[in-house]
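Student: I have a new structure to read. Can you walk me through its features one at a time?

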Amino acid sequence: MDGFISERASWIWGLSLIVLTVAMHALGVVAMALTMVGIRVRVERQPLGLLAVIPIVTGVIAAVGLLLATMHVVEAGIWATAYLWLGAIRSPMDAIFYSVDSLTTRGASGVVLERSWRMMGALESVDGMLLCGISTAYIFAVIQVYWPTLSRRD
């Protein structure tokens, strides 16, 4: 009976953290998207040539990448904190290393969760796929939005 309860807790914690981190990620993407609208409007209103627009668009895409990477680090930190708090991993460094490794679905850290929390680790990999998918889709959307701006310049 004890094993069933701890396995259920692993599922509950894992799914709850997926909901939390996906919601945080979506909020961050929406905030970036709203900011990007303002930047795009200003770029389109300016009589800038292609040589002036290329560094602006490159800077926007680089800034988006940096902000997305920062969000991924924060989300890994949330998972790592949960592992420590739950006793699934004992060392803070191991917890963050395991979390980053799981979120990227690399899975070769060598760190192992306590047996009853292993499902939570698998769910973190699912979360990583979702978060990376959202990030990739957003970067693609940003490029699509700015492509007409680039192609209309002489």
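Tutor: Start with the aromatic rings. Rings of Phe, Tyr and Trp (its six-membered ring) pair if their centres lie within 6.5 Å; planes under 30 degrees apart count as stacked, over 60 as edge-to-face and the rest as tilted. A search of the whole structure gives three aromatic pairs. One of them joins Trp79 and Tyr83, a tilted pair at 6.1 Å centre to centre with 45° between the planes.

Student: Before we go on, what kind of model is this, and how are residues numbered?

Tutor: This is a predicted model: local features need pLDDT of at least 70, side-chain atom pairs count only at pLDDT 80 or more, and totals for chains, interfaces and linings use all residues. Residues are numbered from 1 along each chain as its sequence is written, and side-chain values use heavy atoms, with hydrogens and water left out.

Student: Why are Trp79 and Tyr83 separated by about one helical turn?

Tutor: Helices (H or I, at least four residues) and strands (E, at least two) are DSSP runs, numbered from the N terminus. Trp79 and Tyr83 are about one helical turn apart because they sit four residues apart in helix H2 (residues 50-86).

Student: Which aromatic pair is edge-to-face?

Tutor: Tyr83 and Tyr98 form an edge-to-face pair, 5.5 Å centre to centre and 80° between the planes. This pair links distant parts of the chain: Tyr83 is in helix H2 and Tyr98 in helix H3 (residues 92-103), 15 residues apart. Together, Trp79, Tyr83 and Tyr98 make one aromatic cluster.

Student: Are Tyr83 and Tyr98 buried or exposed?

Tutor: Buried means under 20% relative accessible area, exposed over 50%, partly exposed in between (1.4 Å probe, protein chains only). Both Tyr83 and Tyr98 are buried. Trp79 is buried too.

Student: What is in contact with Glu124?

Tutor: Contact means heavy atoms within 4.5 Å. Glu124 is found in helix H4 (residues 118-151). Leaving aside neighbours within four places in sequence, Glu124 touches Trp79, Tyr83, Tyr98, Ser99, Ser102 and Leu103.

Student: And where does Ser102 lie?

Tutor: Ser102 lies in helix H3. Ser102 counts as buried because its relative accessibility is 5%. Beyond neighbours within four places in sequence, Ser102 is in contact with Gly121, Glu124 and Ser125.

Student: Which side chains meet in a salt bridge at 2.5 Å, N to O?

Tutor: Those of Asp101 and Arg106. Asp101 is buried, with a relative accessible area of 3%. Arg106 is exposed, at 51% relative accessibility.

Student: What about Glu124 and salt bridges?

Tutor: Lys and Arg count as positive and Asp and Glu as negative; His and the chain ends are not counted. Glu124 is buried yet has no salt bridge. The nearest side chain of opposite charge, Arg106, is 12 Å away.

Conventions: A salt bridge is a side-chain nitrogen of Lys or Arg within 4 Å of a carboxyl oxygen of Asp or Glu.
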